[in-house]
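Subject: Structure for your review

Dear colleague,

Please find below the sequence and structure that I am handing over to you.

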Amino acid sequence: MVTMGRVLWNVCRAEQRAALGPRAYMVLLPLLFGATSCSGTDRMVVSIVADSIATELLSGPPPVAGLAIAVSKGDELLLDRAYGLSDAEAGEPLDRSRPQRIASLTKQFTAAAVLKLVEEAAIQLDATIQEYLPGFETQDHTVTIRNLLSHTSGLPNYAPLFARTGKAPASRAAVLDTLQRHPFDFPPGESYRYSNSNYYLLGVIIEAVTGDSYANHLEASLFSPLGLNDTGYCRPGGEELLVGYRATAEGLSAVVLQDTTDYLGGSGGLCSTVADLVRWQRALATGRVIAPDTYAMMTTPTVIATGDTVPYGFGVDLETLENHDVVGHSGALAGFNGRIGYYPDADLSVAVLVNTNTPKAAAVRDAVARAVLGMPRIVPTDRSLSAEERMPYVGTYDLGPVQVRVFDAGERLVLQPVGQAPARLLFQGEDAFLADVGDGVRVEFDVEGGQAIELTLFQGSQPMVGARVEG
């Protein structure tokens with residue numbers, strides 16, 4: 001009989017032997033979760049779990065071209081590995097050292113750059129944006145730097161207003177003109193709504209204050225001092241730009257995104273590697289980027305005018321993984337999907353970049369973090385529902401910051417926030433579902449008279465409740 005102690009002893013010994021093959025990882029995986037790890041096995045445990053999860057993701061469905069995962073604990077890099085392909089047609093393996101688009105993960109860097117300028121008294125948090133962009137029209141609204149950082153400005157998201165895929169994105173002049181003419185979503189400070197416009201303007205403000213380009217300023221103030229040699233502004237036609245993919249019924253289709261120099265800016269214009277991203281998260285959290293007091297402010301939940309608290313700080317999502325706090329962010333653009341997370345109580349950083357438009361980067365990040373933290377991996381059930389049983393949940397629900405649509409995709413329900421990727425809903429019983437995007441993302445419906453009247457989304461530190469608005 002193989003005992004748990006013997007399995008763990010073998011894992012410890014494996015660090016001094018040849019690495020186990022993928023099949024062995026799959027066999028050992030169920031035994032490792034929930035077990036007490038022995039000293040010095042973090043690297044092996046992470047390797048086993050990451051290889052297993054990557055194999056599962058690449059096996060589909062839906063198809064995925066490749067992914068990269070990095071994990072660090074303290075100053076020790078436990079894992080930096082790439083899986084799958086960078087070029088699905090040519091069969092070229094994904095190279096972990098080649099930067100990928102990180103999309104909205106850029107916002108964390110933009111926020112930190114602004115906060116450094118605040119520490120230097122070059123920017124004031126509660127100053128209006130006109131102090132740095134004279135003449136910018138805000139339709140009689142008062143919009144502050146703090147509003148931009150916390151997504152409470154009310155400025156509409158410029159991204160859906162322009163066609164992106166397969167066409168040259170809009171110029172800076174077109175973006176700024178649209179923002180000045182388009183009605184606000186709400187008065188500044190009265191609500192929270194994630195909007196790329198906020199961080200686009202912050203990037204423009206950085207340039208106005210420093211007299212330098214956004215790319216050059218971040219290189220000088222953040223990337224170079226921290227040794228983030230594989231992080232920088234994505235430049236069209238450069239050797240560093242990988243192609244992202246969209247999963248289709250026929251397989252993988254390359255996503256063409258042309259010159260984004262003026263279009264993405266501080267909202268999503270950076271490229272990086274997973275190794276640089278875990279280094280970045282720890283540097284930010286340990287006082288090497290901004291002062292501890294400033295970081296505490298950056299990671300404090302936002303309070304809106306109603307007194308309600310939103311689990312978003314300045315460029316950071318404030319999440320939880322059971323009893324562990326997580327400072328993170330997500331990013332998705334043009335066939336790329338990424339997720340980062342810093343777990344302060346364990347001094348743990350995890351970064352995942354996928355070069356395909358799957359929402360499962362969050363699930364990969366959470367599963368890897370669970371392994372390092374000694375937590376069992378959640379393997380959700382997926383009970384079947386008939387078409388008649390699925391019907392009460394179908395509809396659109398208003399969560400305040402965003403509306404979500406629940407629709408019947410045949411055999412199962414799918415949830416899709418407006419402007420975001422869809423996620424399958426796995427039925428757990430009693431009107432409760434798990435979203436197939438990450439451990440612990442739970443959706444519960446309040447059903448009355450045979451129809452759901454309300455949806456509650458459990459993700460991060462605060463549940464979000466939304467009433468049915470149609471359907």
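Strands, as named here, are DSSP runs of E with at least two residues, and they are numbered from the N terminus. The model is a predicted one.

I begin with two loop residues. Glu 411 sits in the loop that connects strand S16 (403–408) with strand S17 (413–417). Its phi is near 80°, a positive value in a residue other than glycine. Glu 411 has a relative accessibility of 67% and therefore counts as exposed, since the class begins over 50%. Asp 431 also has a positive phi, near 65°, and is likewise a residue other than glycine. The loop that holds Asp 431 runs between strand S18 (423–429) and strand S19 (432–435). With a relative accessible area of 26%, Asp 431 is partly exposed.

The next element is strand S14. How many of the residues of strand S14 (residues 348–354) are buried? Seven of the seven are, so the strand is largely enclosed by the rest of the structure. Both of its faces are covered: on one side Leu 348, Val 350, Val 352 and Val 354 are buried, and on the other Ser 349, Ala 351 and Leu 353 are buried as well.

S14 has pairing partners that can be followed residue by residue. Strand S1 (residues 66–73) pairs with S14 in the antiparallel sense over seven bridges, and Leu 67 stands opposite Val 354 of S14. Strand S13 (residues 336–343) is also antiparallel to S14 and is joined to it by seven bridges; here Ile 340 stands opposite Ala 351. S13 and S14 make up a hairpin with four residues between them, and Asp 347 in the turn has a positive phi of about 50°.

I turn now to the nonpolar cores. In soluble globular proteins, nonpolar side chains tend to be buried together. The largest nonpolar core in this model has 76 residues, of which Phe 109, Ile 145 and Leu 149 touch the most other members. Leaving aside residues up to four places away in sequence, the contacts of Ile 145 are Val 114, Ile 123, Gln 124, Leu 125, Ala 127, Ile 129, Tyr 132, Leu 202 and Ile 205. A second, separate core contains 31 residues, among them Val 46, Val 64, Ala 346 and Leu 348. Leu 348 also belongs to one of the buried faces of S14.

Finally, the aromatic residues. A search of the whole structure finds 12 aromatic pairs. In one of them, Tyr 194 and Tyr 312 have ring centres 6.4 Å apart and planes at 80°, so the pair is edge-to-face. Tyr 194 lies in the loop between helix H6 (172–181) and helix H7 (196–210), and Tyr 312 in the loop between strand S10 (309–310) and strand S11 (317–321), so this pair ties together parts that are 118 residues apart in sequence. Tyr 194 is partly exposed at 28% relative accessible area, whereas Tyr 312, at 1% relative accessibility, counts as buried.

The rings of Phe 433 and Phe 445 likewise form an edge-to-face pair, because their centres are 5.6 Å apart and their planes stand at 85°. Phe 433 belongs to strand S19 and Phe 445 to strand S20 (residues 442–448), so the pair ties together parts that are 12 residues apart in sequence. Both Phe 433 and Phe 445 are buried.

With kind regards

How values were computed:
Residues numbered from 1 in each chain as written. Predicted model: local features only at pLDDT ≥ 70, side-chain atom pairs only at ≥ 80, totals over all residues. Heavy atoms only, no water. Buried < 20%, exposed > 50% of the residue type's maximum accessible area, 1.4 Å probe, protein only. Pairing = 2+ DSSP bridges. Core = buried A, V, L, I, M, F, W, Y, C linked by side-chain atoms within 4.5 Å. Contact = heavy atoms within 4.5 Å. Phe/Tyr/Trp six-rings, centres within 6.5 Å; stacked < 30°, edge-to-face > 60°.
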